[in-house]
Amino acid sequence: MTGDDEAAITADGLRKRYGAVQAVDGVSLTVRRGEFFGLLGPNGAGKTTTLEILEGLREPDEGTATLLGERPWPRNPRLLPRIGVQLQASAFFERLTAREQLAAFASLYGVGTRRAEEMLARVGLTEFAGTQAEKLSGGQAQRLSIACALVHEPELVFLDEPTTGLDPQARRNLWDLLREINADGRTVVLTTHYLDEAEILCDRVAVMDHGRLLRTGPPATLIRELDAPTRISVPSGALSAAEASAALDEEVEVSDDGVSLVLATRSPAPVLALLGERGALHGLQARGGTLEDVFLHLTGRAYRE
Amino acid sequence: MKAFFSLSRSLLVSNARDRTWLFFTVLFPLMFLLLFGVLFKSGSAAHSTVLQVGPVRVLDSMTAAQRAQLGQSLTVKRDDNLADALGKVRDGTDDGALQQTASGQLVLHFSAGDATRAATVQGLVDAVVQQANQDATGRPPAWTLTTAQVEDRSTKPIQYLTPGLLGWAIATSGTFSAALTLVAWRRKRILRRLRLAPVSLAAVIAAPTAVTLLVALVQTAVFLGVATLPYYGLKLTGEWWLAVPLVLSGSLCFMSIGLLAGSFARTENAAQSAAQLIVLPMAFLSGSFFPLDFAPGWVQSVAQVMPLHHLSVAMQDVLSRGKGVGAALPTIGGLLAAAVLLCAVSLRLFRWDDA
């Protein structure tokens with residue numbers, strides 16, 4: 001096995017049972033170096049347990065995990081400095097300021113305080129360096145916790161729902177940060193509550209439910225595989241639903257809610273031609289399938305219930 | 001080693017910013033010392049007042065010198081109304097009422113409301129009567145008694161209070177810090193985070209230990225500093241520096257108790273209650289607040305298995321009874337042995353995580 005060719009993560013047949021609950025039921029996956037990988041699934045799907053097994057916090061009942069060529073279980077001091085983990089609940093020392101938290105974590109990894117300062121600037125918290133962690137806003141606390149996970153420059157980073165509870169602006173800012181981390185060449189494994197986030201950020205996602213991986217692949221591929229109809233909508237009025245139905249193939253589903261005329265089809269060309277002929281292209285919107293549809297299709301339920 | 005210093009520093013800063021923590025570890029025990037020190041400042045010096053009802057020959061015939069001698073322990077006041085005098089004795093204003101009956105019989109009225117005062121006044125009046133009887137024989141006494149106190153004549157309750165309360169303060173901060181730090185770190189997922197960092201379990205446990213030892217030394221310095229103020233008048237005797245190793249080994253022992261409690265407790269509140277349930281009864285049963293000399297036998301037996309009792313006694317020995325290494329060493333050994341035993345049990349029960 002040579003350095004950069006080996007996979008960042010290889011999991012083979014992971015199983016973990018808690019009492020009567022089979023939390024993880026035969027998970028196998030490979031994450032390549034430098035990849036941005038998303039693990040998706042509803043609450044109780046087994047994401048957290050899978051992550052904990054990969055991070056070395058839990059021992060699997062069956063199966064093996066290998067990270068950067070090392071076994072995470074039992075607690076492996078050779079591996080620990082090479083991975084960074086941002087936990088769901090930010091784990092901060094009480095009453096320490098942002099700067100002190102980072103400096104503390106830096107020195108736990110034997111990293112100097114200069115690096116801590118750089119990290120603080122990187123996540124945009126320099127002006128809050130003297131603020132106690134408890135007094136940071138949700139977004140600031142998440143950024144600090146990501147900074148703590150990155151302060152020792154790990155090759156592989158686990159981020160557990162980093163944007164949960166943030167407002168849209170803070171989420172977008174964090175996305176930029178996450179992209180930069182990945183652009184540095186680090187492998188990122190992300191779990192998230194938001195499928196749009198996974199679609200935008202991840203190179204590949206794995207959809208998980210009832211402890212199993214249902215499908216793994218690039219978001220665009222999964223969506224294409226779904227072969228969901230394209231939904232074309234124009235403002236109501238330019239064309240009536242009846243006219244549209246008469247002029248188009250039966251396969252096209254037509255509906256009008258008084259605001260928009262929506263035409264759902266798997267072959268959009270004739271629909272667009274018709275709308276063009278009738279001069280009804282103004283205000284047109286077209287939407288293909290999303291990860292949300294993939295999820296609904298795979299699990300039979302909406303992502304957030 | 002670097003991780004140990006980093007964790008210790010973080011913990012120290014975090015604690016120092018916690019006002020509640022500062023209050024309960026340093027100020028609260030100190031308040032007890034200040035308060036008890038004032039309450040018991042006069043000490044237990046036996047001084048009684050007796051009301052003389054009507055003429056009483058043994059008292060009336062005393063010379064001025066005898067009267068002055070008696071005045072050190074007994075004040076005699078006149079109240080010729082018997083009913084009035086008995087009322088004062090009953091309500092505790094005065095300790096006894098002495099009258100002489102027509103037949104020359106002396107009668108001392110006392111209240112059983114306070115056994116100590118009753119016994120004292122009876123003893124004093126009896127001594128006066130015996131003295132008068134002896135004088136009446138016109139011969140020198142066959143036997144005389146001179147008393148001498150074994151301690152420095154300055155011995156005051158503060159000599160007892162300081163070691164006891166200091167022991168209690170150390171037991172409190174030791175037990176609480178060990179129980180709470182680990183539970184809080186576990187609950188706040190700091191332990192989980194530390195588990196994911198290249199930090200040894202030894203550093204994770206050594207850091208709160210070092211911080212608590214430091215706190216115990218600060219407590220000792222503050223206590224001894226305050227108690228030796230002229231107002232409280234603690235006189236340090238003999239090899240009082242032995243209090244330092246005693247305090248450190250005691251602190252280690254109480255931390256291991258707290259560590260054990262912290263291994264079982266799931267929440268900070270549970271840990272706090274468990275620590276309080278251990279420390280407060282232990283303090284009373286160990287005689288930290290009140291001497292156990294008058295306690296029932298079973299309490300004295302229970303005290304023998306309380307580490308705090310042994311710590312308090314050894315601290316009294318080195319701080320105010322002028323004893324040396326011989327008095328401190330067995331206790332230090334015992335406390336450390338208990339600490340090692342309890343720590344071993346706690347390490348077996350140690351969990352990085354809740355689930």
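**Entry 1: the sheet of chain B**

I looked up B:Gln52 and found it opposite B:Arg78 in β2(B). The model is predicted: local features need pLDDT of at least 70, side-chain atom pairs count only at pLDDT 80 or more, and totals for chains, interfaces and linings use all residues. Residues are numbered from 1 along each chain as its sequence is written, while chains are lettered from A and ligands numbered from 1 in the order in which they are written.

I noted that strand β1 (residues 48-53) of chain B pairs with β2(B) in the parallel sense over 5 bridges. Two strands pair if DSSP finds at least two bridges between them. Helices (H or I, at least four residues) and strands (E, at least two) are DSSP runs, numbered from the N terminus.

I traced the open sheet of 4 strands as β2-β1-β3-β4 (chain B), with mixed pairing. Its edge strands are β2 (74-78) and β4 (106-110) of chain B, each pairing on one side only. The twist averages 25° from one strand to the next. For angles, axes are lines fitted to C-alpha atoms, for helices over the stretch in contact, and the values run from 0 to 180 degrees between N-to-C directions.

I then found helix α5 (residues 82-90) of chain B lying across β1, β3 (96-100) and β4 of chain B, at about 150° to β3(B). Two residues are in contact if their C-beta atoms, placed from the backbone, lie within 7 Å.

**Entry 2: helix packing in chain B**

I examined helix α9 (residues 201-227) of chain B against helix α10 (residues 243-264) of chain B: they pack at about 135°, with their axes 9 Å apart. That angle makes α9(B) oblique to α10(B). Angles under 35 degrees count as roughly parallel, over 145 as roughly antiparallel, 65 to 115 as roughly perpendicular and the rest as oblique.

I recorded the contact residues, among them B:Leu213 and B:Leu217 of α9(B) and B:Val247 and B:Leu248 of α10(B). By class, the residues of this contact divide into 8 nonpolar, 4 polar and no charged. Here Ala, Val, Leu, Ile, Met, Phe, Trp, Tyr, Cys and Pro count as nonpolar, Asp, Glu, Lys and Arg as charged, and the others, Gly among them, as polar.

I followed α10(B) to helix α11 (residues 268-285) of chain B, where the packing angle is about 140° and the axes are 9 Å apart. B:Ile257, B:Gly258, B:Ala261 and B:Gly262 in α10(B) meet B:Ala271, B:Ala274, B:Ala275 and B:Ile278 in α11(B).

**Entry 3: overall form of chain B**

I listed 14 helices and 4 strands in chain B. Its radius of gyration is 28 Å, well over the 20 Å that the globule rule gives for 355 residues, so chain B is more spread out than a compact globule. The radius is taken over C-alpha atoms, and the rule is 2.2 Å times the number of residues to the power 0.38. Along its principal axes the C-alpha trace of chain B spans about 95 × 40 × 35 Å.

**Entry 4: chain A and the interface**

I read the open sheet of 6 strands as β5-β6-β7-β3-β8-β9 (chain A), with mixed pairing. Strand β3 (residues 36-40) of chain A runs parallel to strand β7 (residues 187-191) of chain A, joined by 4 bridges. A:Leu39 stands opposite A:Thr191 in β7(A).

Finally, I found 20 residues of chain A in contact with 19 residues of chain B. Helix α2 (residues 98-108) of chain A gives the most to the side of chain A that touches chain B, with 4 residues. I noted 13 nonpolar, 2 polar and 5 charged residues on that side.
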